[in-house]
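Work through each task yourself, then follow the solution step by step.

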Amino acid sequence: MNPTEEIKVLDYGLVRLVDFMGGDDAVVQAARVSFGKGVTSDERDKKLLFFLMANRHESPFEHSVFKFHIKCPIFVARQWFRHRIASYNEISGRYTEMKEEFHLPEALRSQKARNYKFSEIEADLNDRLKEKMSRHYENSYNLYHELLEQGVAKEHARIVLPLSLYTQFYWTINARALMNFLSLRMEEHAQYEIRVYADVINDIFKEKMPWTEEAFMKFVVHGEKWTEE
Ligand SMILES: Cc1cc2nc3c(=O)[nH]c(=O)nc-3n(C[C@H](O)[C@H](O)[C@H](O)COP(=O)(O)OP(=O)(O)OC[C@H]3O[C@@H](n4cnc5c(N)ncnc54)[C@H](O)[C@@H]3O)c2cc1C
């Protein structure tokens with residue numbers, strides 16, 4: 001993966017890997033430091049890494065670190081920022097004029113969900129409601145601009161903007177905390193709009209740390225038990 005490649009998510013969103021340090025080897029190295037050894041053979045290294053994951057020896061995974069550039073709607077960022085074991089720097093609505101970029105869902109979901117399996121609102125109603133939402137976004141943005149033009153500070157003018165507005169942030173997180181994020185946000189109970197970001201991030205994680213992602217899927221996501229072969 002080219003670290004600067006932008007992956008589009010939702011209507012205006014993106015995920016971009018800005019920087020990465022570590023990898024599967026770094027996990028093995030960290031685990032073996034107590035014996036004064038680094039990496040050995042591929043087969044033994046992979047087995048050790050799988051053992052660590054299966055038995056929740058998670059600190060060696062902290063030595064690999066991902067730095068992402070994320071652009072997502074504010075309501076997604078609010079869920080995202082609950083993941084405290086990470087570093088965040090977000091664009092400032094006090095110093096920057098916000099762009100007219102709002103998330104409009106393709107299909108509105110019905111509130112009548114069973115086991116988080118939502119159905120879609122009937123097509124005609126969906127179109128009418130989306131039209132109203134678009135107008136609401138436009139009106140909000142026009143009011144925002146009017147307030148700015150009247151000399152109101154950005155930090156006050158922005159409070160008329162809806163949660164669907166896009167924000168941007170840098171997100172630096174180690175592989176252990178990243179797996180916690182992925183296990184919670186790729187899961188079916190997580191809201192669709194954050195799940196699509198988690199899926200993209202998991203693809204990047206898999207590319208950078210293929211053994212770790214394989215072990216994560218096996219032991220954490222699918223709950224398999226460690227067996228000595
Ligand atoms: C489907 C879903 C629904 C949710 N609904 C709600 C909701 O309705 N309301 C709501 O408020 N939140 C909700 N959350 C957020 C959730 O409670 C967590 O805040 C969020 O998922 C971050 O998880 P985390 O604390 O494991 O991550 P991080 O903050 O990144 O923490 C990683 C790990 O570090 C440890 N840790 C971090 N801080 C502490 C601490 N202070 N004390 C002890 N251990 C710590 C824990 O082991 C934790 O798992 C929801 C999350 C999901 C996935």
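Helices (H or I, at least four residues) and strands (E, at least two) are DSSP runs, numbered from the N terminus. This is a predicted model: local features need pLDDT of at least 70, side-chain atom pairs count only at pLDDT 80 or more, and totals for chains, interfaces and linings use all residues. Residues are numbered from 1 along each chain as its sequence is written.

**Exercise 1.** Find the place of methionine 21 and decide whether methionine 21 is buried, exposed or partly exposed.

Step 1: Methionine 21 belongs to strand 2 (residues 13-21).

Step 2: A residue is buried if 20 or more other C-beta atoms, placed from the backbone, lie within 10 Å of its own, exposed if 12 or fewer, and partly exposed in between. Methionine 21 has 13 C-beta neighbours inside 10 Å, so it counts as partly exposed.

Step 3: Beyond its neighbours within four places in sequence, methionine 21 is in contact (C-beta atoms, placed from the backbone, within 7 Å) with Ser64 and Val65.

**Exercise 2.** Describe how helix 6 and helix 7 pack.

Step 1: Helix 6 (residues 175-185) and helix 7 (residues 192-208) have axes, lines fitted to C-alpha atoms over the stretch in contact, that lie 9 Å apart at an angle of about 135°. Angles run from 0 to 180 degrees between N-to-C directions.

Step 2: Because of that angle, helix 6 is oblique to helix 7 (under 35 degrees is roughly parallel, over 145 roughly antiparallel, 65 to 115 roughly perpendicular, and the rest oblique).

Step 3: Leu178, Phe181, Leu182 and Arg185 in helix 6 meet residues of helix 7 including Ile194 and Phe205.

Definitions and conventions: Two residues are in contact if their C-beta atoms, placed from the backbone, lie within 7 Å.
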